[in-house]
Amino acid sequence: ARCIHCYNEDAHTNKRNSKNELNAEEAQNLLYWLKNIGVFRLVFSGGEASLRNDFFELCKKARDLGFQLVIYTNGISFDEEQRERLASLYPLCVAVSIYGSEASIHDSITQVKGSYKNAIDTIKYLKQQGIFTTHKNTLLKSNFPDWRTAFEKGKHLASESMINFTIYPSVDSNGTKSISDSEMTMEQLIELALQE
């Protein structure tokens, strides 16, 4: 996806800069180190963690080592086979970012046509397989008017529906950090806080 609010500096360039990523061996070694110091729950997130070539291998290694596994994803890249692979690992939770109650809202934020359908299909499949799923409603200035409808829809699609309105700096191609123009306004945050 090329989400309009993404904080990853490469999100809008259609290139992936992996110079700062752990290679497969380093990632596996990190899992052993985390196990040895007593970590029991891992959250794989991103950007999009499933873009790693060794994503499923890392997930399996984490489960083999006894970690509880939580995955935050946009759900876009999972086809039927990958959904099956993910379900077979029995993660503690898979939280899928959703940006609206319908495709036109969601896809305008991810900037990927069909992303809403794939994300919803991922939630539905995993829930049917007994995997705890979270319909993670990420709120921005542009989709704020739809938040309640999306939240209620999520209650029926997933194991739980939650609201995410994390405010974090974006990094542009020059390395400059700033709050994204997409982030909710103070007025919207106050309105949300005053809701039941």
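## Strands, helices and salt bridges

Guide: Helices (H or I, at least four residues) and strands (E, at least two) are DSSP runs, numbered from the N terminus. This is a predicted model, in which local features need pLDDT of at least 70 and side-chain atom pairs count only at pLDDT 80 or more, while totals for chains, interfaces and linings use all residues. Residues are numbered from 1 along each chain as its sequence is written, and side-chain values use heavy atoms, with hydrogens and water left out.

Visitor: OK, so which strand is joined to E4 by five bridges, and in which sense do they run?

Guide: Strand E3, residues 93-98, is joined to E4 by five bridges, and the two run parallel; two strands pair if DSSP finds at least two bridges between them. E4 also pairs with strand E5 (residues 160-164), in the parallel sense and over five bridges.

Visitor: How many residues of E4 are buried?

Guide: Six of its six residues are buried, and E4 is mostly covered. Buried means under 20% relative accessible area, exposed over 50%, and partly exposed in between, with a 1.4 Å probe and protein chains only. Thr133, His135 and Asn137 point one way from the strand, Thr134, Lys136 and Thr138 point the other way, and all are buried.

Visitor: Let's pick asparagine 137. Why does it count as buried?

Guide: Asparagine 137 counts as buried because its relative accessibility is 2%. The residue lies in E4, which spans residues 133-138, and its bridge partner in E5 is isoleucine 163.

Visitor: What does asparagine 137 touch?

Guide: Leaving out residues up to four places away in sequence, asparagine 137 touches Ile98, Ala150, Phe151, Ser161, Met162, Ile163 and Asn164, where contact means heavy atoms within 4.5 Å. With serine 161 there is a side-chain to side-chain polar contact of 2.9 Å. A polar contact is a pair of N or O atoms within 3.5 Å; within protein, one must be able to donate a hydrogen and the other to accept it, and residues adjacent in sequence count only if both atoms are side-chain atoms.

Visitor: Switching topic: how many salt bridges does the structure hold?

Guide: The structure holds five salt bridges, each being a side-chain nitrogen of Lys or Arg within 4 Å of a carboxyl oxygen of Asp or Glu. One of them joins glutamate 57 to arginine 85, with the closest N and O atoms 3.9 Å apart. That pair links distant parts of the chain, since glutamate 57 is in helix H2 (residues 55-64) and arginine 85 is in helix H3 (residues 80-88), 28 residues apart.

Visitor: Are those two buried or partly exposed?

Guide: Glutamate 57 is partly exposed, with a relative accessible area of 40%, and arginine 85 also counts as partly exposed, at 37%.

Visitor: Which loop holds tyrosine 90?

Guide: Tyrosine 90 sits in the loop between H3 and E3 and has a positive phi of about 50 degrees, although it is not a glycine. Its relative accessibility is 55%, so tyrosine 90 counts as exposed.
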